[in-house]
Amino acid sequence: TLAGQHRNQYEEHHHEHGAFDLHFWLDPTRAAIAVGDIAAALVAADPANAAAYQANAEGLLAELDALDTELAATLEPVREVPYIVFHDGYQYLEARYDLTGVGSVTLNPEIPIGAGRLSELEAIVEERGARCAFGEPQFAAPVVETIADDTGIRFGTLDYLGATVEAGPDAYAAILRANAASLVACLSQ
């Protein structure tokens, strides 16, 4: 299963998110690790319902495997197209699908950046040939739009929390599909 194949592959990423970057859910193979761990904990806590927990986990792991395959195919055409993001929370998505994120505006979306950082980012956009700057619906980030305007690149939106996705059993896949669609829409123009 996916959970067994990817167990213990979390990478340390030190910034305001703590010892680990907890945005692991943006990689379905890492989400599969969580599914396996949650199922094991449920089985240990409630052995009488072990078969149901295991069956549900296997079903979800199959869905995650299919989603991973779908996302890989969707993102393949834009893998090598450079872009920047508002906040440093997409490393797992980028690593899983070999995407070319070349910078982030901030590590912590709560802290505004200064003119020096803005200038650095605009230089990165020029040097690396970034095609798109992505903001997020959760945070007002006029600096991302400023970078796009100043450098002539496109502006897009990535929504790692699914603020624009209806809650429900299909929300996780919908969030990842929406982000993939946004990447493709902005980067393939």
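Biologist: Where is the place of Asp 98?

Modeller: Asp 98 sits in the loop between α4 and β4 (101–106). Helices (H or I, at least four residues) and strands (E, at least two) are DSSP runs, numbered from the N terminus. Before we go on, this is a predicted model, where local features need pLDDT of at least 70, side-chain atom pairs count only at pLDDT 80 or more, and totals for chains, interfaces and linings use all residues. Residues are numbered from 1 along each chain as its sequence is written, and side-chain values use heavy atoms, with hydrogens and water left out.

Biologist: Why does Asp 98 count as partly exposed?

Modeller: Buried means under 20% relative accessible area, exposed over 50%, and partly exposed in between (1.4 Å probe, protein chains only). Asp 98 has 47% relative accessibility, so it counts as partly exposed.

Biologist: What is the phi of Asp 98?

Modeller: Phi of Asp 98 is near 55°, a positive value in a residue other than glycine. Most residues other than glycine have a negative phi.

Biologist: Why is Asp 149 called exposed?

Modeller: Its relative accessible area is 64%, so Asp 149 is exposed. Asp 149 belongs to helix α6 (residues 142–151).

Biologist: Why is Leu 71 called buried?

Modeller: Leu 71 has a relative accessible area of 2%, so it is buried. Leu 71 is part of helix α3.

Biologist: What does Leu 71 touch, not counting residues up to four places away in sequence?

Modeller: Contact means heavy atoms within 4.5 Å. By that rule Leu 71 touches Pro 28, Tyr 97, Leu 176, Arg 177 and Ala 180, with residues up to four places away not counted. The C-alpha atoms of Leu 71 and Ala 181 are separated by 9.3 Å, although the two are 110 residues apart along the chain.

Biologist: Which residues is Val 105 in contact with, leaving aside neighbours within four places in sequence?

Modeller: Among them are Val 85, Phe 86, Ile 113, Leu 121 and Ile 147. Val 105 lies in strand β4. Val 105 has a relative accessible area of 2%, so it is buried.

Biologist: What makes Cys 132 and Cys 186 a disulfide?

Modeller: A disulfide is a pair of cysteine sulfur atoms within 2.5 Å. The sulfur atoms of Cys 132 and Cys 186 are 1.8 Å apart, and they form a disulfide. The pair links distant parts of the chain: Cys 132 is in strand β5 (residues 132–135) and Cys 186 in helix α7 (residues 171–187), 54 residues apart. The angle about the S-S bond is 85°, and the link of Cys 132 and Cys 186 is right-handed. Cys 132 and Cys 186 are buried. By this rule the count is one disulfide.

Biologist: How do you know that the span of α7 agrees with its 17 residues?

Modeller: The expected span of a helix is 1.5 Å times one less than its number of residues. For α7 that gives 24 Å, and its end C-alpha atoms are 24 Å apart, so the two agree.

Biologist: What covers the buried residues of α7?

Modeller: The cover includes α2 (28–45), α3 (50–75), β3 (83–87), α4 (91–96), β5 and β6 (154–157). Among the buried residues of α7 are Ile 175, Leu 176, Asn 179, Leu 183 and Cys 186.

Biologist: How many helices and strands are there in the protein?

Modeller: The protein has seven helices and six strands. Of its 189 residues, 45% are buried. Of the contacts with a separation of 6 or more, 60% join residues 24 or more positions apart.
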